[in-house]
Amino acid sequence: MLAVLEAQNMINSANIAGIDNVYTFNIPSEMVENVDKTIVLISDANTNPSIYGNNDFNALSRTIEIQIFYKKDLDIDPEKIEVQLYKLFTNDYWNVGENRGHTIDPDTQQITTTFYVNNLKLLNN
């Protein structure tokens with residue numbers, strides 16, 4: 001299964017308070033301008049073969065990008081949501097990588113953040 005789909009399933013199953021929708025690859029056009037929901041967007045950052053042996057690779061090193069677009073009228077501390085996501089991924093053997101900090105979307109005035117997680121998926125040959 002693609003890493004982005006695994007992550008989407010994991011986040012949806014966790015039912016984290018404050019997250020309204022989780023999408024992969026792109027946000028549906030009808031939701032792009034929505035500022036009343038907190039949206040998580042998951043995208044592939046890279047996938048590379050790893051753990052070489054016998055002229056073959058035996059694992060995939062996978063990195064995904066997690067973007068959060070917080071609803072405009074926040075009723076929960078964004079850091080609480082982010083810490084829950086970090087713990088969720090860490091507990092499922094993902095490594096939390098770089099966080100790009102918080103910014104304000106110039107068009108919608110929403111707080112946004114972007115961070116990366118990666119894992120090593122062993123392949124069954």
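Predicted model: local features only at pLDDT ≥ 70, side-chain atom pairs only at ≥ 80, totals over all residues.
Which strand is Tyr-52 found in? Tyr-52 sits in strand β2, residues 39-53. Strands here are DSSP runs of E with at least two residues, while helices are runs of H or I with at least four, and both are numbered from the N terminus.

Residues are numbered from 1 along each chain as its sequence is written, and side-chain values use heavy atoms, with hydrogens and water left out.

**Aromatic pairs**

The structure holds three aromatic pairs. Rings of Phe, Tyr and Trp (its six-membered ring) pair if their centres lie within 6.5 Å; planes under 30 degrees apart count as stacked, over 60 as edge-to-face and the rest as tilted. Two of the pairs look like this:

| Pair | Centre to centre | Angle between planes | Type |
|---|---|---|---|
| Tyr-52 and Phe-57 | 6.5 Å | 65° | edge-to-face |
| Tyr-86 and Phe-115 | 5.0 Å | 90° | edge-to-face |

Tyr-86 in helix α2 (residues 78-91) and Phe-115 in strand β5 (residues 111-122) are 29 residues apart, and their pair links distant parts of the chain.

How accessible are these rings' residues? Buried means under 20% relative accessible area, exposed over 50%, and partly exposed in between (1.4 Å probe, protein chains only). Tyr-52 is exposed at 61%, Phe-57 is partly exposed at 29%, and Phe-115 is buried at 0%. Ignoring residues up to four places away in sequence, Tyr-52 touches Phe-57 and Asn-58; contact means heavy atoms within 4.5 Å.

**Cores**

A nonpolar core is a set of buried Ala, Val, Leu, Ile, Met, Phe, Trp, Tyr and Cys residues joined through side-chain atoms within 4.5 Å. The largest one has 21 residues, and Ile-11, Ile-42, Ile-64, Ile-66, Leu-85 and Phe-89 touch the most other members. At least two residues of this core come from each of α1 (3-14), β2, β3 (56-69), α2 and β5, with α1 giving the largest share, five residues.

Beyond its neighbours within four places in sequence, Ile-66 is in contact with residues including Val-40, Ile-42, Phe-89 and Phe-115. There's also a second, separate core of five residues, with Tyr-23, Met-31, Leu-41 and Phe-69 among them.

**Helix α1 again**

Leu-5 is found in helix α1, and at 32% relative accessibility Leu-5 counts as partly exposed.
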